[in-house]
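Keep the sequence and the 3D view side by side.

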Amino acid sequence: MSTAWFYLILAGICEIGWAFGLKYSEGFTKPVVSIVTVAVMILSFVLLAQAMKTLPLGTAYAIWTGIGAAGTAILGMFFLNEPKDLMRILCLLMIVAGVVGLKYFAESSN
């Protein structure tokens, strides 16, 4: 795996982190959680920007948001007791399939 893909995966993981941070900052009323959340946001953007130096914009952005959206929803199901119904899970699987497809086709076109 290239460095750009590594940065992109880390950026997606950071996106999951700051989404949870937003939840736990309670509207930025908790100073420590808010500061950590903003720091993770900045790190996520920096890592995404590094990945975009070599990866196509559309691919990088879609994968970043896909990792963040799917990861946040999955973790929300397990840690925040969010709904786990079949249609929700199928939709998440489609996001994951899209992310995998974008990575696969980005590599095969190079």
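Leu22, Phe28, Val38, Ile42 and Val46 form a nonpolar surface patch of about 400 Å². A patch takes residues with over 30% relative accessible area and no salt bridge, joining nonpolar side chains (Val, Leu, Ile, Met, Phe, Trp, Tyr) within 5 Å and like charges within 9 Å. A salt bridge puts a side-chain nitrogen of Lys or Arg within 4 Å of a carboxyl oxygen of Asp or Glu. Areas are Shrake-Rupley values with a 1.4 Å probe, and for residues only the protein chains shown count as cover.

This is a predicted model: local features need pLDDT of at least 70, side-chain atom pairs need 80 or more, and totals for chains, interfaces and linings use all residues. Residues are numbered from 1 along each chain as its sequence is written, and side-chain values use heavy atoms, without hydrogens or water.

Helix H2 gives the patch its largest share, three residues. Helices are DSSP runs (H or I, at least four residues), numbered from the N terminus. Val46 lies in H2 and is partly exposed at 44% relative accessibility. The classes are buried under 20%, exposed over 50%, and partly exposed in between (1.4 Å probe, protein chains only).

Thr37 also sits in H2. Thr37 is buried, at 3%. It touches Trp18, Gly21 and Leu22, leaving aside residues up to four places away in sequence; contact means heavy atoms within 4.5 Å.

Now the loops. Glu26 lies between helix H1 (3–25) and helix H2 (31–51). Its phi is positive, about 50°, though Glu26 is not a glycine. Asn81 lies in the loop between helix H3 (57–79) and helix H4 (86–108). Asn81 has a positive phi near 55° and is exposed at 67%.

Definitions and conventions
Helix = DSSP H or I, 4+ residues; strand = E, 2+ residues; numbered from the N terminus.
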